[in-house]
Amino acid sequence: MRSKLDEIDIRILRELQADGRMTNVELASRVGISPPPCLRRVRALEEAGLITGYRAQLDERKLGLDVVCFAFVHLASQAEADLEAFQSRIRAWEAVRECWKLSGDIDFVLKCVAPDLKAFQDFVGDLTALPNVRNVRTALALDRVKDEPIVPFGG
């Protein structure tokens, strides 16, 4: 699909990544086209699945979630049913904000939030008690060095 994107499409994607709340009129002005074709292009990018959604980025600590941690999970079984059961539980867990399936020694890495250390310890206890979990290593996040949810286009 990248080869089918022209420079205007790429500028639209860049602008929307930087500010997804701007109006279509503002977006059209920034990319140098009139609003009707700009809106058609945005809708086409959405329909093609390049734009998957719009959301506000929140500061978890200002909302009372002072602990951010990463959990590195190693499962006992890689059977498809066991993987799906684990993933299903993780999807339903509100404290888990991201979950990535990995290759290598670690099966999953989870980014989690908790209001305090007690809640974090309870979460780790619940996580290690899940069926099929062989072991869990955790790391508390000390500081966010980079959080760039923007897809790079190069150049």
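Analyst: Two strands pair if DSSP finds at least two bridges between them. Keep in mind that we're looking at a predicted model.

User: OK, in what order do the four strands of the open sheet run?

Analyst: The pairing is antiparallel. On average, neighbouring strands are turned by 20° against each other, ignoring direction. Reading across, the order is S2-S3-S1-S4.

User: Which residue in S3 is the bridge partner of Lys 101?

Analyst: S2 and S3 pair in the antiparallel sense over five bridges. They form a hairpin with six residues between them, and Gly 104 in the turn has a positive phi of about 100°. In S3, Lys 101 is bridged to Phe 108.

User: And how many bridges link S1 and S3?

Analyst: Val 73 stands opposite Phe 108 in S3, and Cys 69 stands opposite Cys 112 there. Strands S1 (residues 67-75) and S3 (residues 108-114) pair in the antiparallel sense, and the number of bridges is seven.

User: What angle does the direction of H5 make with that of S4?

Analyst: Helix H5 (residues 117-128) packs on the sheet and touches S1, S2, S3 and S4.

User: How many residues of S3 are buried?

Analyst: Take the faces in turn: Phe 108, Leu 110, Cys 112 and Ala 114 are buried on one side, and Val 109, Lys 111 and Val 113 are buried on the other. S3 is therefore largely enclosed by the rest of the structure, and its count of buried residues is seven of the seven.

User: How far from the sulfur of Cys 69 is the nearest cysteine sulfur?

Analyst: A disulfide needs the two sulfur atoms within 2.5 Å, and a search of the whole structure turns up zero. Cys 69 is buried, at 1% relative accessibility. The nearest cysteine sulfur to that of Cys 69 belongs to Cys 112, at 4.4 Å.

User: Last one: is H1 roughly parallel or roughly perpendicular to H3?

Analyst: Helices H1 (residues 7-18) and H3 (residues 35-47) pack with their axes 11 Å apart, at an angle of about 80°. The contact brings residues including Ile 12 and Leu 16 of H1 against H3 residues, among them Cys 38 and Val 42, and its residues divide into seven nonpolar, no polar and two charged. Angles of 65 to 115 degrees count as roughly perpendicular, so the arrangement of H1 and H3 is roughly perpendicular.

Conventions: Residues are numbered from 1 along each chain as its sequence is written. This is a predicted model: local features need pLDDT of at least 70, side-chain atom pairs count only at pLDDT 80 or more; totals for chains, interfaces and linings use all residues. Side-chain values use heavy atoms; hydrogens and water are left out. Axes are lines fitted to C-alpha atoms, for helices over the stretch in contact, and angles run from 0 to 180 degrees between N-to-C directions. Angles under 35 degrees count as roughly parallel, over 145 as roughly antiparallel, 65 to 115 as roughly perpendicular and the rest as oblique. Contact means heavy atoms within 4.5 Å. Ala, Val, Leu, Ile, Met, Phe, Trp, Tyr, Cys and Pro count as nonpolar, Asp, Glu, Lys and Arg as charged, and the others, Gly among them, as polar. Buried means under 20% relative accessible area, exposed over 50%, partly exposed in between (1.4 Å probe, protein chains only).
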